[in-house]
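Biologist: I'm new to reading models like this one. Could you walk me through a few features, one at a time?

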Amino acid sequence: MDEGRRADVARWLRKARDDMAVVRLIVERSGPSAVAGFLCQQAAEKLLKGGLVAAGIDPPRTHDLEQLGRDARRSALAIEVDADGLAELAGYAVAPRYPGFPDDQADRDIRRLVSLAESVEAAVVAAIAQL
(Lines give C-alpha, C1' and ligand atoms only; values in the text may rest on other atoms or scores of the structure.)
Protein backbone atom coordinates (compact mmCIF):
# COMPACT_ATOMS: atom_id res chain seq x y z
CA MET A 1 0.00 0.00 0.00
CA ASP A 2 1.45 3.39 -0.95
CA GLU A 3 1.97 6.11 1.63
CA GLY A 4 -0.96 8.23 0.43
CA ARG A 5 -3.40 5.36 0.75
CA ARG A 6 -1.89 4.37 4.12
CA ALA A 7 -2.48 7.94 5.36
CA ASP A 8 -6.10 7.88 4.12
CA VAL A 9 -6.71 4.58 5.90
CA ALA A 10 -5.21 5.98 9.09
CA ARG A 11 -7.53 9.00 8.91
CA TRP A 12 -10.63 6.80 8.55
CA LEU A 13 -9.55 4.60 11.46
CA ARG A 14 -8.69 7.60 13.65
CA LYS A 15 -12.14 9.12 13.09
CA ALA A 16 -13.77 5.79 13.97
CA ARG A 17 -11.68 5.49 17.12
CA ASP A 18 -12.61 9.04 18.09
CA ASP A 19 -16.28 8.06 17.82
CA MET A 20 -15.68 5.00 20.00
CA ALA A 21 -13.81 7.07 22.59
CA VAL A 22 -16.89 9.28 22.94
CA VAL A 23 -19.11 6.17 23.12
CA ARG A 24 -17.07 4.87 26.04
CA LEU A 25 -17.35 8.20 27.86
CA ILE A 26 -21.11 8.23 27.37
CA VAL A 27 -21.45 4.66 28.63
CA GLU A 28 -19.15 5.22 31.62
CA ARG A 29 -21.13 8.29 32.66
CA SER A 30 -24.56 6.77 31.96
CA GLY A 31 -25.13 9.38 29.29
CA PRO A 32 -27.59 9.23 26.40
CA SER A 33 -27.42 5.69 25.04
CA ALA A 34 -29.16 6.65 21.79
CA VAL A 35 -26.32 9.07 21.00
CA ALA A 36 -23.78 6.38 21.85
CA GLY A 37 -25.63 3.96 19.56
CA PHE A 38 -25.51 6.47 16.72
CA LEU A 39 -21.76 6.89 17.26
CA CYS A 40 -21.28 3.10 17.21
CA GLN A 41 -22.98 3.06 13.82
CA GLN A 42 -20.78 5.92 12.65
CA ALA A 43 -17.63 4.17 13.86
CA ALA A 44 -18.55 0.97 12.02
CA GLU A 45 -19.21 2.95 8.86
CA LYS A 46 -15.84 4.71 9.04
CA LEU A 47 -14.03 1.46 9.81
CA LEU A 48 -15.56 -0.28 6.80
CA LYS A 49 -14.74 2.68 4.58
CA GLY A 50 -11.17 2.62 5.86
CA GLY A 51 -10.99 -1.07 5.01
CA LEU A 52 -12.25 -0.38 1.51
CA VAL A 53 -9.61 2.33 1.05
CA ALA A 54 -6.96 -0.15 2.21
CA ALA A 55 -8.25 -2.57 -0.45
CA GLY A 56 -7.83 0.13 -3.10
CA ILE A 57 -11.53 0.98 -3.38
CA ASP A 58 -12.93 4.49 -3.15
CA PRO A 59 -15.66 4.10 -0.54
CA PRO A 60 -19.16 4.89 -1.75
CA ARG A 61 -20.90 7.94 -0.33
CA THR A 62 -23.41 5.97 1.66
CA HIS A 63 -24.38 5.31 5.24
CA ASP A 64 -25.67 1.83 4.34
CA LEU A 65 -23.68 -0.49 6.60
CA GLU A 66 -25.06 -3.57 4.93
CA GLN A 67 -23.82 -2.41 1.52
CA LEU A 68 -20.46 -1.44 2.99
CA GLY A 69 -20.23 -4.85 4.65
CA ARG A 70 -20.94 -6.61 1.34
CA ASP A 71 -18.35 -4.41 -0.39
CA ALA A 72 -15.80 -5.19 2.33
CA ARG A 73 -16.41 -8.95 2.03
CA ARG A 74 -16.03 -8.78 -1.77
CA SER A 75 -12.91 -6.62 -1.62
CA ALA A 76 -9.38 -7.91 -2.03
CA LEU A 77 -9.11 -7.93 1.77
CA ALA A 78 -12.23 -10.14 2.14
CA ILE A 79 -13.14 -8.41 5.41
CA GLU A 80 -15.53 -10.69 7.29
CA VAL A 81 -18.09 -8.82 9.38
CA ASP A 82 -21.34 -9.99 10.95
CA ALA A 83 -24.11 -9.00 8.51
CA ASP A 84 -26.79 -9.26 11.22
CA GLY A 85 -24.68 -7.08 13.51
CA LEU A 86 -24.31 -4.48 10.78
CA ALA A 87 -28.08 -4.49 10.31
CA GLU A 88 -28.52 -3.91 14.04
CA LEU A 89 -26.04 -1.03 14.03
CA ALA A 90 -27.74 0.40 10.92
CA GLY A 91 -30.88 0.85 12.97
CA TYR A 92 -29.06 3.56 14.89
CA ALA A 93 -28.08 5.67 11.86
CA VAL A 94 -31.06 8.05 11.90
CA ALA A 95 -33.99 7.24 14.19
CA PRO A 96 -32.23 7.66 17.55
CA ARG A 97 -31.35 11.25 16.71
CA TYR A 98 -34.98 12.33 16.66
CA PRO A 99 -37.84 12.47 19.16
CA GLY A 100 -39.86 9.30 19.41
CA PHE A 101 -37.01 6.81 19.57
CA PRO A 102 -37.46 4.80 22.78
CA ASP A 103 -34.58 5.66 25.10
CA ASP A 104 -35.09 2.45 27.04
CA GLN A 105 -34.39 0.48 23.84
CA ALA A 106 -31.06 2.27 23.44
CA ASP A 107 -30.29 1.61 27.12
CA ARG A 108 -30.91 -2.10 26.56
CA ASP A 109 -28.94 -2.22 23.28
CA ILE A 110 -25.86 -0.15 24.04
CA ARG A 111 -23.52 -2.85 25.37
CA ARG A 112 -24.25 -5.02 22.34
CA LEU A 113 -23.81 -2.07 19.96
CA VAL A 114 -20.41 -1.32 21.47
CA SER A 115 -19.43 -4.96 21.09
CA LEU A 116 -20.58 -5.00 17.48
CA ALA A 117 -18.61 -1.86 16.62
CA GLU A 118 -15.54 -3.31 18.33
CA SER A 119 -15.91 -6.52 16.31
CA VAL A 120 -15.99 -4.48 13.09
CA GLU A 121 -12.81 -2.73 14.21
CA ALA A 122 -11.11 -6.05 14.96
CA ALA A 123 -12.08 -7.50 11.56
CA VAL A 124 -10.94 -4.43 9.63
CA VAL A 125 -7.65 -4.07 11.52
CA ALA A 126 -6.89 -7.80 11.11
CA ALA A 127 -7.57 -7.63 7.38
CA ILE A 128 -5.42 -4.54 6.94
CA ALA A 129 -2.58 -6.18 8.89
CA GLN A 130 -2.44 -8.90 6.21
CA LEU A 131 -1.30 -6.35 3.61
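Biologist: Which residue does the side chain of Lys-46 join through a polar contact?

Modeller: A polar contact is a pair of N or O atoms within 3.5 Å. Keep in mind that we're looking at a predicted model. Here the side chains of Lys-46 and Asp-19 are joined by a polar contact of 2.6 Å. Lys-46 sits in helix α2, and Asp-19 is one of the buried residues of α1.

Biologist: Is Lys-46 itself buried or exposed?

Modeller: For that, look at relative accessibility: under 20% means buried. Lys-46 has 17%, so it counts as buried. Leaving aside neighbours within four places in sequence, Lys-46 is in contact with Trp-12, Lys-15, Ala-16 and Asp-19.

Biologist: Let's turn to α1, then. How many residues does α1 have, and how far does it reach?

Modeller: You can check a helix by comparing its reach with what 1.5 Å a residue would give. Helix α1 has 26 residues and goes 37 Å from its first C-alpha to its last, close to the expected 38 Å. At its N-terminal end there's a cap from Asp-2, with a side-chain oxygen 3.0 Å from the backbone nitrogen of Gly-4.

Biologist: And what do the buried residues of α1 pack against?

Modeller: They pack against α2 and α5. The buried ones in α1 are Val-9, Leu-13, Ala-16, Asp-19, Met-20, Val-23 and Ile-26.

Biologist: Where does Ala-78 lie, and what is its phi?

Modeller: Ala-78 is in the loop between α3 and α4. Its phi is near 45 degrees, a positive value in a residue other than glycine. Ala-78 counts as partly exposed because its relative accessibility is 40%.

Biologist: Now for the inside. How many residues does the largest nonpolar core have?

Modeller: Picture buried nonpolar residues joined through side-chain atoms within 4.5 Å. The largest such core has 40 residues, and those with the most contacts inside it are Cys-40, Leu-48, Ile-79, Val-120 and Val-124. Two or more residues come from each of α1, α2, α3, α4 and α5. The largest share is from α2, with twelve residues.

Biologist: Which residues is Cys-40 in contact with?

Modeller: Setting aside neighbours within four places in sequence, Cys-40 is in contact with Met-20, Val-23, Leu-89, Ile-110, Leu-113, Val-114 and Ala-117.

Biologist: Last one: how many aromatic pairs are there?

Modeller: A pair of aromatic rings is described by the distance of the centres and the angle of the planes. The count here is one aromatic pair. Tyr-92 and Phe-101 form this pair, 5.3 Å centre to centre with 70 degrees between the planes, and it is edge-to-face. Both Tyr-92 and Phe-101 are buried.

Methods: Residues are numbered from 1 along each chain as its sequence is written. This is a predicted model: local features need pLDDT of at least 70, side-chain atom pairs count only at pLDDT 80 or more; totals for chains, interfaces and linings use all residues. Side-chain values use heavy atoms; hydrogens and water are left out. Rings of Phe, Tyr and Trp (its six-membered ring) pair if their centres lie within 6.5 Å; planes under 30 degrees apart count as stacked, over 60 as edge-to-face and the rest as tilted. Buried means under 20% relative accessible area, exposed over 50%, partly exposed in between (1.4 Å probe, protein chains only). Helices (H or I, at least four residues) and strands (E, at least two) are DSSP runs, numbered from the N terminus. The expected span of a helix is 1.5 Å times one less than its number of residues. Contact means heavy atoms within 4.5 Å. A polar contact is a pair of N or O atoms within 3.5 Å; within protein, one must be able to donate a hydrogen and the other to accept it, and residues adjacent in sequence count only if both atoms are side-chain atoms.
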